[in-house]
Amino acid sequence: MQNAIVAYREENHDQLVDIWHRAVRRTHTFLEEKDIQFYYQIVRNGALREVEIWMDWNESDGPTGFIGLDGPKIEMLFVDPERHGQGIGRRLIQHARKIKGTHLKVDVNEQNKKAHAFYKHLGFVQTGRSELDGSGRAFPLLHMEWNQ
């Protein structure tokens, strides 16, 4: 069954929060439980409404992943951990390129080696590094850009 990319719908908010939560638990092993709960509250209480969200949509299962954009910057990209490796993240980035142009940017947690490798594989290059994340916490970020 073919998946489609569709715009955020409020009725899918809780499903996206669930995808975020399960994906973070699987991929952000450097976070402690208190950190996960801190970010969970941010995502659950409004972060998804502050950016442009596009969902990878499976007709029978609903959302399987999502990307959050602020202009050409990827603010978040999360895929149902049971569907990692199925091309969902790649499709979401291709959609972002189509609607935002080819000068995309993303910040990746330095400790998230798989995410860094994923973006690098897709042609993103590191352009900088910050010691703190966007919340001011000591989780270094790698700044990456795709400009082709």
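The model shown here is a predicted one, and the UniProt record, an unreviewed entry, places the feature "domain: N-acetyltransferase" at residues 3-146.

Seven strands form an open sheet with mixed pairing, and their order across it is E1-E2-E3-E4-E5-E7-E6. Strand E1 (4-7) and strand E6 stand at the edges, and because each has a single partner strand, one side of each is left without a neighbour in the sheet. Neighbouring strands of this sheet are turned against each other by 30° on average, if direction is ignored. Elsewhere in the order, strand E2 (residues 52-58) and strand E3 (residues 62-70) run antiparallel and are joined by seven bridges, and here Met55 stands opposite Phe66 in E3.

Two helices can then be placed against these strands. Helix H1 (residues 13-27) lies across E2, E3 and strand E4 (73-79), and runs at about 85° to E3. Helix H3 (residues 88-100), which runs at about 40° to E3, lies across E1, E2, E3 and E4 as well as strand E5 (103-109) and strand E7 (141-147).

Several of these elements return in the description of the largest pocket, whose volume is about 1,500 Å³. Its lining is made up of 47 residues, and those nearest the centre of the pocket are His28, Met76, Leu77, Phe78 and Asn109. At least two lining residues are supplied by each of H1, helix H2 (33-44), E4, H3, E5 and H4, with the largest share, seven residues, coming from E4.

The last stop is Phe124, which sits in the loop between helix H4 (113-121) and strand E6 (125-130). Leaving aside neighbours within four places in sequence, Phe124 is in contact with Ile74, Ile93, Arg97, Leu104, Val106, Tyr119, Met144, Glu145 and Trp146. Phe124 and Asn147, although 23 residues apart in sequence, are 7.7 Å apart in space from C-alpha to C-alpha.

Definitions and conventions
Residues numbered from 1 in each chain as written. Predicted model: local features only at pLDDT ≥ 70, side-chain atom pairs only at ≥ 80, totals over all residues. Heavy atoms only, no water. Helix = DSSP H or I, 4+ residues; strand = E, 2+ residues; numbered from the N terminus. Contact = heavy atoms within 4.5 Å. UniProt positions renumbered as here; feature names shortened; annotations may be inferred. Pairing = 2+ DSSP bridges. Axes fitted to C-alpha atoms, helices over the stretch in contact; angles between N-to-C directions. 1 Å grid on protein atoms, 1.4 Å probe; cavity = no way out; pocket = protein on both sides within 12 Å on 5 of 7 lines; lining within 4 Å. Points joined across faces, edges and corners; volume = space filled by probe spheres on them.
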